[in-house]
Amino acid sequence: MAGRRDRSQQLRGSRIAIAILIGIFIGCVCAVLFPNGFFNSNSSKVGSSACESPERVKMLKSDFVSLSEKNAELKKQIRELTQKLQLAEQGSDSARKQVLALGTQIKAGPFGTVKSLRTNPTILPDESVNPRLAKILEEIAVDKEVIVALANANVKAMLEVQIASIKRVGITNYLVVALDDYIENFCKENDVAYYKRDPDKDVDTVGKTGGNHAVSGLKFRVLREFLQLGYGVLLSDVDIVFLQNPFSHLYRDSDVESMSDGHDNHTAYGFNDVFDEPSMGWARYAHTMRIWVFNSGFFYLRPTIPAIELLDRVADRLSKAKVWDQAVFNEELFYPSHPEYIALHASKRVMDMYEFMNSKVLFKTVRKNHELKKKVKPVIVHVNYHPDKLYRMQAVVEFYVNGKQDALDSFPDGSE
């Protein structure tokens, strides 16, 4: 109760401060517009106006400039106080409020009927976070969802192949985050929706000059505002060819839905792996659970608190140490809580490995299997396992789009 009273008093104080600032602002404006008061007659205003000297006019102009500067400062203070008020209203017990929003407590049902919640509630959208981005998303998003790709001049050739595949499939809710002027101009010339972020020294330095891995790490900082605005985001690296609309193949039952680096049912979806240590005698066998990592170059995030916390955690760790973003992404998703560590409680789903296909599955398995080669048409192919990305992307288009049956045959399984 005491905590609730303290918050109530903080809110009341914030509102009073805002009201005072608004009153001061209105008073300043009235002083400029009505220097002789509200109740002087029109004739007296005209008379005094005609008699005012150039010095008086100059002084009034100076006062107006001064008041305009004060007005700008007051607006800034009002904006800051409003943000503090919003944070205070949210309170520090947002998790408790989420639980309460889901409904009253219930009893467990009979055996076999109990099902836990699979999804967290979406956040309340906040357009004040980035009004310019909000306007762009309002125009291009479909059902509050959008595909987002980050690109600079270093990946322009792959981006061209991706954009061609996007247009071929008829996907309209696709947005390029242009990290330099070159990509911005390229998007303008090719009628591609794009977003250029406001200047940010830390982001711009990497965004304009960084290679594929460096740019990949930026997405965890960039995507946060998309989620805050209430949009589901399908993040796509540029080394991906789209063959169908991916939004028709999502489940949307988890905070994070990601393609896998696994190459068969075991590695993609998890398996019981037995560790053998003969020196332990009777207890030589220890059972472990293994799953190949989620791919951080293609994943879908719902606009939920756990999804935003995931971005925050990964971005924070990447800013403090030179580590691979995909490793950190998976550590935050899968490590359980343990001494001195509180885990991220986010629900997650692995995408179908034949629909959302990595290049190891394609080049080591599918192209060598007559039935798979004939019947499987992936939603996307991600050339994540191979360095000759552009040529393999072009071969994927030749095979799946143009029907050239030997388009994939000349490439080695790996990178040799």
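F220, F299 and F329 form one aromatic cluster, and I will start there, with the caution that this is a predicted model, in which local features need pLDDT of at least 70, side-chain atom pairs count only at pLDDT 80 or more, and totals for chains, interfaces and linings use all residues. Residues are numbered from 1 along each chain as its sequence is written, and side-chain values use heavy atoms, with hydrogens and water left out.

The structure holds nine aromatic pairs, where rings of Phe, Tyr and Trp (for Trp, the six-membered ring) pair if their centres lie within 6.5 Å, and planes under 30 degrees apart count as stacked, over 60 as edge-to-face and the rest as tilted.

Because F299 lies in strand β9 and F329 in helix α13 (residues 325–334), the pair ties together parts that are 30 residues apart in sequence.

How covered are these rings? Both F220 and F299 are buried, and both F299 and F329 are buried, where buried means under 20% relative accessible area, exposed means over 50%, and partly exposed is in between, with a 1.4 Å probe and protein chains only. Helix α13 itself is mostly covered, with seven of its 10 residues buried, among them D325, F329 and L333.

Turning to charges and rings, K348 lies over the face of F334, at 5.3 Å from the ring centre, and the charged end of R392 sits over the ring of F363, 4.5 Å from its centre. The criterion is that NZ of Lys or CZ of Arg is within 6 Å of the ring centre and within 35 degrees of the ring normal.

Finally, the backbone: most residues other than glycine have a negative phi. D191, however, has a positive phi, near 55 degrees, and is found in the loop between α7 (181–189) and β3 (194–195), where its 72% relative accessibility means that D191 counts as exposed. E340 has a positive phi near 70 degrees and lies in the loop between α13 and β10 (348–350); at 88% relative accessibility, E340 counts as exposed.

Methods:
Helices (H or I, at least four residues) and strands (E, at least two) are DSSP runs, numbered from the N terminus.
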